Amino acid sequence: MKILTAMYTLKRGGSYDRFKMLIEAFLERGWEVHCLSLTPIRIEHSFFHNHVMYFPFKTTDGFIAKLLVLSMFPIWSVWVGWRNRIDLIIAFGSLYAFVQGLSKWFLKRPLVTLIRGDSRFGLRMQNSSKYTLYLNKGIENMGLNSSDLIITNNTALREEILKSLRKGKHIDVKVLLNNIPSIPSPHLQDIPRTRAKYGIPEDAKVIVTAGVLNQGKNIEVLINSLPRIEMKNLYLLIVGDNSKEADIRYKESLKGLAKKMRVDKKVIFTGWLEKEDLWKIYLASDLFVMPSINEGMPNVLLEALGCGI
């Protein structure tokens, strides 16, 4: 089996983690994967072929990068798919379904689209113009309607997808829930060591939240709540960081809010952590809170469940 997919770049965050897990699952089955991108995808495997398009700019977050993906990836996808005689097209999101839809029609190969969440939510949080939102909606709907099978991770999103499909067009939309990972049991000294690392007393109560730091995570709600909770020895651990330059301001605003509310000594920003270190923090905490305005099926929540928190 030969798979064709695309991801313009890999960043920190649950969505990108899931994409990498998907690729690794294909490779474990002995399938050949061809992936289009603007930056190298670091997966070392003899069956993984990364087709990197030349991009002369330093950042891949801007308008030019998105324009290049929308305009050039469809044609490039046809060429790479035809040259490598692919059997199946996998789109990780409705935008990529639009990008790879041309390959489906030219190569006569099935297109499977995986949907993790509402991508328009991010645009709304960035205060994008209504014309940008309309354009994005149109592109996404075209991608969804080009699919032969759509797989999402929750029933609410499935209902939204069904509403966006053209009348009279039957496309199977299935729900495949994200798994709860198996977390290894902690050593006896892991909890006190983790707390000591961040200067947290052993008898303190710890709230933890985790994820990419952007406005959609709504973390200011937690910081605003701390002074109202009548508990002196209460700490808030914020695990994660920004993945885009635009999100840096949000992180700085959270730090400023913590100072304003006089809880800055009780609010700890850890930055990005490896999975094992994140799990140690979960095991050393008392409560996991995800105050996000909108989510699909977030990895950090499932991992917290796996830790029994």
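1. A salt bridge here is a side-chain nitrogen of Lys or Arg within 4 Å of a carboxyl oxygen of Asp or Glu. By that criterion, Asp-286 and Arg-195 pair through their side chains, at 3.2 Å from N to O. The pair joins distant parts of the chain, 91 residues apart: Asp-286 sits in the loop between α10 and β11, and Arg-195 in helix α7 (residues 190–197). Helices (H or I, at least four residues) and strands (E, at least two) are DSSP runs, numbered from the N terminus.

2. Ground rules. This is a predicted model, in which local features need pLDDT of at least 70 and side-chain atom pairs count only at pLDDT 80 or more, while totals for chains, interfaces and linings use all residues. Residues are numbered from 1 along each chain as its sequence is written, and side-chain values use heavy atoms, with hydrogens and water left out.

3. Arg-195 is buried, because its relative accessible area is 7%. Asp-286 has 39%, so Asp-286 is partly exposed.

4. Other salt bridges. The structure holds eight. One of them joins Glu-159 to Arg-158, with N to O at 3.4 Å. Glu-159 is partly exposed at 41% relative accessible area, and Arg-158 is also partly exposed, at 27%. Lys-174 and Asp-172 meet in a salt bridge as well, at 3.2 Å from N to O. Here Lys-174 has 42% relative accessibility and counts as partly exposed. Asp-172 is partly exposed too, at 31%. A network of salt bridges links Asp-17, Lys-275 and Glu-303.

5. Helix α11. What covers them? Just after α11, Gly-308 takes a positive phi of about 80°.

6. Aromatic pairs. A pair of aromatic rings is described by the distance of the centres and the angle of the planes. Rings of Phe, Tyr and Trp (its six-membered ring) pair if their centres lie within 6.5 Å; planes under 30 degrees apart count as stacked, over 60 as edge-to-face and the rest as tilted. The structure holds five such pairs. For Phe-73 and Trp-76, the ring centres are 5.6 Å apart and the planes lie at 70°, so this pair is edge-to-face. Both residues are in helix α2 (residues 63–84); they are three residues apart, so about one helical turn separates them. Phe-73 is buried, with 0% relative accessible area. Trp-76 has 17% and counts as buried. Tyr-282 and Phe-288 form an edge-to-face pair as well, at 5.5 Å centre to centre and 85° between the planes. Tyr-282 and Phe-288 are both buried.

7. Nonpolar surface patch. Which residues form it? Ile-75, Leu-102, Trp-105 and Phe-106 do, with about 450 Å² of accessible area together. Areas come from the Shrake-Rupley method with a 1.4 Å probe; for residues, only the protein chains shown count as cover. Patches are made of residues with over 30% relative accessible area and no salt bridge: like charges are joined within 9 Å, nonpolar side chains (Val, Leu, Ile, Met, Phe, Trp, Tyr) within 5 Å. Helix α3 (residues 94–107) gives the most, with three residues. Leu-102 lies in helix α3. Its relative accessibility is 33%, so Leu-102 counts as partly exposed.

8. Charges over rings. The test: NZ of Lys or CZ of Arg is within 6 Å of the ring centre and within 35 degrees of the ring normal. The charged end of Lys-104 sits over the ring of Trp-105, 4.4 Å from the ring centre. Lys-266 lies over the face of Tyr-235, at 5.3 Å from the ring centre.

9. Backbone points to check. Arg-85 is not a glycine, yet has a positive phi of about 50°. Arg-85 is in the loop between α2 and β4 (88–92). With 68% relative accessible area, Arg-85 is exposed. Lys-108 is not a glycine either, and has a positive phi of about 60°. Lys-108 lies in the loop between α3 and β5 (111–115). Its relative accessible area is 64%, so Lys-108 is exposed.

Key. Buried means under 20% relative accessible area, exposed over 50%, partly exposed in between (1.4 Å probe, protein chains only).
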